[in-house]
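Reader: I would like to learn how to read a model of this kind, one feature at a time. Where shall we begin?

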Amino acid sequence: MADIEKGIEANDSTIYEIGSITKLFTALCVCKLLELNKINLEGPLSLYLEKWNAVTITNLLNHTSGIPNYIGPKKLC
């Protein structure tokens, strides 16, 4: 169901909010990349992206990067 309270069925275009569940997978991927010596937690994010030179992966994992909300305004079904 897309919305149990309203009785709306899910379909192939239903969008679900996944909230913070991706944080676990992101942290696991970072750990694997560290194990493979592919990333540096204290190096600038600009080593991997073109933006945010002063931000580190540690900042991202600790939610202290200062990067603004990238999702945009919340849309209701």
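Reader: How many disulfides does the structure hold?

Author: Keep in mind that this is a predicted model. The structure holds zero disulfides. Cys-29 is in no disulfide, and the nearest cysteine sulfur, that of Cys-31, is 9.3 Å away.

Reader: Is Cys-29 buried, exposed or partly exposed?

Author: Cys-29 has a relative accessibility of 46%, so it counts as partly exposed.

Reader: How do I check the length of helix H1 against its number of residues?

Author: Compare the expected span with the distance between the end C-alpha atoms. Helix H1 covers residues 21–35, and its 15 residues should span 21 Å at 1.5 Å a residue. The end C-alpha atoms of H1 are 22 Å apart, which agrees.

Reader: What should I look for in the phi angles?

Author: Most residues other than glycine have a negative phi. Asn-37 is found in the loop between H1 and helix H2 (57–61). With 68% relative accessibility, Asn-37 counts as exposed.

Reader: What is the phi of His-63, and where is this residue placed?

Author: His-63 is not a glycine, yet it has a positive phi of about 60 degrees. His-63 is in the segment after H2. The relative accessible area of His-63 is 56%, so this residue is exposed.

Reader: Which residues make up the largest nonpolar core?

Author: In soluble globular proteins, nonpolar side chains tend to be buried together. Here the largest nonpolar core has five residues: Val-30, Ile-39, Leu-45, Val-55 and Ile-57.

Reader: Which residues is Ile-39 in contact with, leaving aside its neighbours within four places in sequence?

Author: With those neighbours left aside, Ile-39 is in contact with Val-30, Leu-33, Leu-34, Tyr-48 and Ile-57. Val-30 and Ile-57 are also among the residues of the largest nonpolar core.

Reader: What joins the side chains of Thr-58 and Glu-42?

Author: A polar contact of 2.8 Å joins them. Thr-58 lies in helix H2. Apart from its neighbours within four places in sequence, Thr-58 is in contact with Leu-41 and Glu-42.

Technical notes:
Residues are numbered from 1 along each chain as its sequence is written. This is a predicted model: local features need pLDDT of at least 70, side-chain atom pairs count only at pLDDT 80 or more; totals for chains, interfaces and linings use all residues. Side-chain values use heavy atoms; hydrogens and water are left out. A nonpolar core is a set of buried Ala, Val, Leu, Ile, Met, Phe, Trp, Tyr and Cys residues joined through side-chain atoms within 4.5 Å. Buried means under 20% relative accessible area, exposed over 50%, partly exposed in between (1.4 Å probe, protein chains only). Contact means heavy atoms within 4.5 Å. A disulfide is a pair of cysteine sulfur atoms within 2.5 Å. Helices (H or I, at least four residues) and strands (E, at least two) are DSSP runs, numbered from the N terminus. The expected span of a helix is 1.5 Å times one less than its number of residues. A polar contact is a pair of N or O atoms within 3.5 Å; within protein, one must be able to donate a hydrogen and the other to accept it, and residues adjacent in sequence count only if both atoms are side-chain atoms.
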